[in-house]
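Please look over the sequence and the model shown below before reading on.

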Amino acid sequence: MRTKLAPSILLALLLLPLACNAATLYGQVVGVSDGDTITVLDSDKRQHKIRLEGIDAPEKAQAFGQVSKQALSDLVFDKKVIVEWSKEDRYKRLVGKVTLDGTDINLKQTTAGLAWHYKKYSNEQTQADALLYASAENAARSRGLGLWADPHAVPPWDWRKQKKLRAGTLP
């Protein structure tokens, strides 16, 4: 019996840091930077930059970038949201899932064809969310919604890399 429990205990110990780092932020959206980044004002009047987990929206200068930003703004600006987050990115933004009245806003952006499922970081999502987001992207793509109206839509991570190459800032 001891050998059967060991993998379960090991798994629980490995997942414990993730559970301990999870936090919830309640606040009002006071800014929308682009299709996957918002600013939330908490009850202490502190602002928090939030990067929507699991998605990557077109950059503002990219095709559909402004459309994605406007759609996110229409959804959440000046509204009270809940952010479930567990990490801070290199730009000091909290990375999390944003919900409004029980609706997953990150998923809504993907469903509308205004963001990619950011598969590179899907291991940071719950398995259920990763499957939902991937399915939402596939459905939007097959229906030609939003950015998927362009059959050659360039993912933002590739667009950023190309931009850096053109600027000569990548080796």
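Where is Asp89 found? Asp89 lies in the loop between S5 and S6, where helices (H or I, at least four residues) and strands (E, at least two) are DSSP runs, numbered from the N terminus. The model is predicted, so local features need pLDDT of at least 70 and side-chain atom pairs count only at pLDDT 80 or more, while totals for chains, interfaces and linings use all residues. Residues are numbered from 1 along each chain as its sequence is written, and side-chain values use heavy atoms, with hydrogens and water left out.

Asp89 counts as buried because its relative accessibility is 14%; buried means under 20% relative accessible area, exposed over 50%, and partly exposed in between (1.4 Å probe, protein chains only). The side chain of Asp89 makes a polar contact with the side chain of Arg93 at 2.7 Å. Such a contact is a pair of N or O atoms within 3.5 Å; within protein, one must be able to donate a hydrogen and the other to accept it, and residues adjacent in sequence count only if both atoms are side-chain atoms. Not counting residues up to four places away in sequence, Asp89 also touches Arg51 and Val95, contact meaning heavy atoms within 4.5 Å.

Another aspartate, Asp42, is placed in the loop between S2 and S3, and Asp42 counts as buried because its relative accessibility is 9%. Its side chain reaches the backbone nitrogen of Arg46 at 2.9 Å and makes a polar contact with the side chain of His48 at 2.8 Å. Asp42 and Gly27 are 15 residues apart in sequence, yet 4.3 Å apart in space, C-alpha to C-alpha.

Leaving aside neighbours within four places in sequence, Ile38 is in contact with residues including Val29, Leu72, Val76 and Val98.

Taken as a whole, the chain has 5 helices and 8 strands, and buried residues make up 38% of its 171 residues. Of the contacts with a separation of 6 or more, 61% come from residues 24 or more positions apart.
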